[in-house]
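Subject: Structure handover

Hello,

Here is the structure I promised you. Please open it alongside this email, and then read on for what I found.

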Amino acid sequence: MISNKQRNFSLMLGIVLCFSLGKAAFAGEPLELVKAAAEKAVAVLKDPKLKAPDKKKERIERLKEIINPIFDYEEMARRTLGSYWRRRTPAEQEEFAKLFRAFLERVYSDRVDWYDGEKVTFGRETIDQDYAQVDSTVTNAKGEESSVVYRLKRTDGKWKVYDAVVENISIVNNYRSQFDRVISKSSFEELKRMLKEKAG
């Protein structure tokens, strides 16, 4: 049974590594690409020169440099909104994708200090036409393990990660459930307000 801290750290690492691709992946490359991205992200998290409190901003910016050039925030935003996405205008969809990106950046920014030497090992790669998944395991110093599965989609000949499943909990599905509750109980405008507030 893993601790809440380990589960939460795995979620953070799943988010960070999910979005840590430095270049687009072409057919046959999902496993190699995610492994390389993991090594790059962990190197930033482990760097002793970036451990000091006054270096946190620089560490976060380094992660953003790895993350932002490739990740398809619009695809993830679309999936988190589910059927509500189709009800929004193109301008609203674009605005929401930007808000969701800012929100996710804040999520992993707030959790980068949780890294404590965890190791990542990779298992099998599965490819089914334009979809792929890469299995991995995060192990902490106590030997506690948690699974992180990366989901990729090939668009215009390029593989991009669009989700991570941490301990059988999909980041996309988790947010979709949360967002659905907010919209159902209140409104889409309230969801945007909440994301803006959390993104700070």
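Which residue takes a positive phi in the hairpin of S1 and S2? It is Gln129, with a phi near 55 degrees. Two residues lie between the strands of that hairpin. One caution before the rest: this is a predicted model.

**The sheet**

Start with the strands. Five of them form an open sheet, in the order S1-S2-S3-S4-S5. The pairing is antiparallel. Strand S1 (119-128) and S5 stand at the edges. Each has a single partner strand, so one side of each is left without a neighbour in the sheet.

Now go through the pairs.

- S1 and S2: eight bridges join these antiparallel strands. Glu125 stands opposite Val134 in S2.
- S2 and S3: strand S2 (residues 131-139) is joined to S3 by nine bridges, again antiparallel. Ser136 has Val148 in S3 as its bridge partner. For Thr137, the bridge partner in S3 is Ser147.
- S3 and S4: eight bridges join this antiparallel pair. Lys153 stands opposite Lys160 in S4.

When you look at side chains here, keep one general point in mind. In a regular strand, side chains alternate between the two faces of the sheet.

**Turns and positive phi**

Most residues other than glycine have a negative phi.

Asp156 is one to look at. Its phi is positive, about 55 degrees, although Asp156 is not a glycine. It lies in the loop between strand S3 (145-155) and strand S4 (158-166). S3 and S4 form a hairpin with two residues between them, and Asp156 sits in that turn. Is Asp156 buried or exposed? Its relative accessibility is 77%, so Asp156 counts as exposed. The cut-off for exposed is over 50%.

Asn168 is also not a glycine, and has a positive phi of about 70 degrees. You will find Asn168 in the loop between S4 and strand S5 (169-170). At 73% relative accessibility, Asn168 counts as exposed.

The hairpin of S2 and S3 has five residues between the strands. There, Gly143 takes a positive phi near 85 degrees.

**Helix packing**

Now the helices. Two packed helices are described by the angle between their axes and the distance between the axes.

H6 with H7. Helix H6 (residues 171-185) and helix H7 (residues 188-199) pack at about 130 degrees. Their axes are 7 Å apart. That angle makes H6 oblique to H7. H6 passes H7 in a right-handed crossing. From H6, the contact residues are Phe179, Val182 and Ile183. They meet Phe188, Glu190, Leu191, Met194 and Leu195 in H7. By class, the residues of the contact of H6 with H7 are seven nonpolar, no polar and one charged.

H4 with H5. Helix H4 (residues 73-81) packs on helix H5 (residues 90-111) at an angle of about 95 degrees. The axes of H4 and H5 are 9 Å apart. H4 and H5 are therefore roughly perpendicular to each other. H4 brings Tyr73, Glu74, Met76, Ala77, Thr80 and Leu81 to the contact. H5 brings Phe96, Ala97, Phe100, Arg101, Leu104 and Glu105. The contact of H4 with H5 has eight nonpolar residues, one polar and three charged.

H5 with H7. What angle do H5 and H7 pack at? About 35 degrees, with their axes 8 Å apart. H5 passes H7 in a left-handed crossing. On the H5 side, Glu95, Phe96, Leu99, Ala102, Phe103 and Arg106 make the contact. On the H7 side are Phe188, Leu191, Lys192, Leu195, Lys196, Lys198 and Ala199. The contact of H5 with H7 has eight nonpolar, no polar and five charged residues.

**A buried alanine**

One last residue. Ala41 is in helix H2 (residues 30-46). Its relative accessibility is 0%, so Ala41 counts as buried. Ala41 and Leu63 are 22 residues apart along the chain. Their C-alpha atoms are separated by 6.7 Å.

Best wishes

Conventions:
Residues numbered from 1 in each chain as written. Predicted model: local features only at pLDDT ≥ 70, side-chain atom pairs only at ≥ 80, totals over all residues. Heavy atoms only, no water. Axes fitted to C-alpha atoms, helices over the stretch in contact; angles between N-to-C directions. Helix = DSSP H or I, 4+ residues; strand = E, 2+ residues; numbered from the N terminus. Parallel < 35°, antiparallel > 145°, perpendicular 65-115°, else oblique. Left-handed = near helix turned anticlockwise from the far one by under 90°. Contact = heavy atoms within 4.5 Å. Nonpolar A, V, L, I, M, F, W, Y, C, P; charged D, E, K, R; others polar. Buried < 20%, exposed > 50% of the residue type's maximum accessible area, 1.4 Å probe, protein only. Pairing = 2+ DSSP bridges.
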